[in-house]
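Hi,

Here is the structure I promised to pass on. Have a look at it first, and then read my notes below.

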Amino acid sequence: MFPTGSVGFSLAVLRIGVGALFLVDVLPLERLLASAWGTLALSFLALLILCGALTPYLYAACCIVEVTGLVNLTGMAAVRLGALILVTASLAIIGPGAYSLDAILFGHRRVILPGNDEE
């Protein structure tokens with residue numbers, strides 16, 4: 001569920017890349033940011049993505065924002081944002097990895113059922 005080692009590190013690097021590209025590619029789109037609150041909300045979303053918090057939900061929200069930004073783009077800007085959408089969607093499916101807030105909050109737990117006392 002939360003891979004460790006080189007796979008977990010690679011997922012952390014991908015999270016950092018998606019969060020940074022989200023800030024670089026999506027925040028400058030003026031039509032998405034009608035107010036300072038919009039900028040603050042998207043910046044907070046990028047910060048949570050970098051930390052790996054609530055991964056499936058936030059990456060889905062990130063994909064929706066990116067698709068909204070893709071509507072009026074053309075040329076290489078559209079290709080770049082389209083590639084970012086694909087990477088974001090794949091990370092939503094794969095998960096955050098062991099080096100994330102999700103792993104800390106919802107990590108592996110040992111369940112001991114009543115009546116199975118091994119003494």
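**What I found**

Let me begin with Arg15, which sits in helix 1 (residues 5-25); helices here are DSSP runs of H or I with at least four residues, strands are E runs of at least two, and both are numbered from the N terminus. A word on the basis of all this: the model is predicted, so local features need pLDDT of at least 70 and side-chain atom pairs count only at pLDDT 80 or more, while totals for chains, interfaces and linings use all residues. Residues are numbered from 1 along each chain as its sequence is written, and side-chain values use heavy atoms, with hydrogens and water left out.

Is Arg15 buried or exposed? Arg15 is buried, because its relative accessible area is 4% (buried means under 20%, exposed over 50%, and partly exposed in between, with a 1.4 Å probe and protein chains only). A polar atom of the Arg15 side chain lies 2.7 Å from the backbone oxygen of Pro96. Leaving out residues up to four places away in sequence, Arg15 touches Ile49, Leu50, Cys51, Gly52, Tyr59, Leu91, Pro96, Tyr99 and Ser100, where a contact means heavy atoms within 4.5 Å.

**The overall fold**

The protein has five helices and zero strands, and from the N terminus on its elements run α-α-α-α-α. Of its 119 residues, 35% are buried. Among contacts with a separation of 6 or more, 73% are between residues 24 or more positions apart. The protein exposes about 7500 Å², and carbon and sulfur atoms supply 72% of that area; accessible areas come from the Shrake-Rupley method with a 1.4 Å probe, and for residues only the protein chains shown count as cover.

**The core**

Which residues touch the most other members of the largest nonpolar core? In this set of 16 residues they are Val18, Phe22, Val26, Leu42, Leu45 and Ile49. A nonpolar core is a set of buried Ala, Val, Leu, Ile, Met, Phe, Trp, Tyr and Cys residues joined through side-chain atoms within 4.5 Å. Helix 1, helix 2 (36-51), helix 3 (55-70) and helix 4 (75-94) are the elements that give two or more residues to this core. In soluble globular proteins, nonpolar side chains tend to be buried together.

Gly69 is found in helix 3 and counts as buried because its relative accessibility is 0%.

**The nonpolar surface patch**

On the surface, Leu54, Tyr57, Leu101, Ile104, Leu105 and Phe106 form a nonpolar patch with about 650 Å² of accessible area together. Patches are made of residues with over 30% relative accessible area and no salt bridge; like charges are joined within 9 Å, and nonpolar side chains (Val, Leu, Ile, Met, Phe, Trp, Tyr) within 5 Å. A salt bridge is a side-chain nitrogen of Lys or Arg within 4 Å of a carboxyl oxygen of Asp or Glu. Helix 5 (residues 101-106) gives the most to the patch, with four residues.

Phe106 is in helix 5 and counts as partly exposed, because its relative accessibility is 45%. Phe106 touches Phe2 and Leu54, not counting residues up to four places away in sequence. Phe106 and Leu54 are 52 residues apart in sequence and 9.7 Å apart in space, C-alpha to C-alpha.

Leu54 lies in the loop between helix 2 and helix 3 and is partly exposed, with a relative accessible area of 42%. Please check the backbone of Leu54 too: its phi is positive, about 50°, although Leu54 is not a glycine. Most residues other than glycine have a negative phi.

Arg80 is found in helix 4 and counts as partly exposed at 43% relative accessibility. Leaving aside neighbours within four places in sequence, Arg80 is in contact with Leu21, Val24 and Asp25. The C-alpha atoms of Arg80 and Leu21 are separated by 9.6 Å, and the two residues are 59 apart along the chain.

Ser90 is in helix 4 as well, and at 30% relative accessibility Ser90 counts as partly exposed. The C-alpha atoms of Ser90 and Tyr59, 31 residues apart along the chain, are separated by 9.2 Å.

Best wishes

Notes: A polar contact is a pair of N or O atoms within 3.5 Å; within protein, one must be able to donate a hydrogen and the other to accept it, and residues adjacent in sequence count only if both atoms are side-chain atoms.
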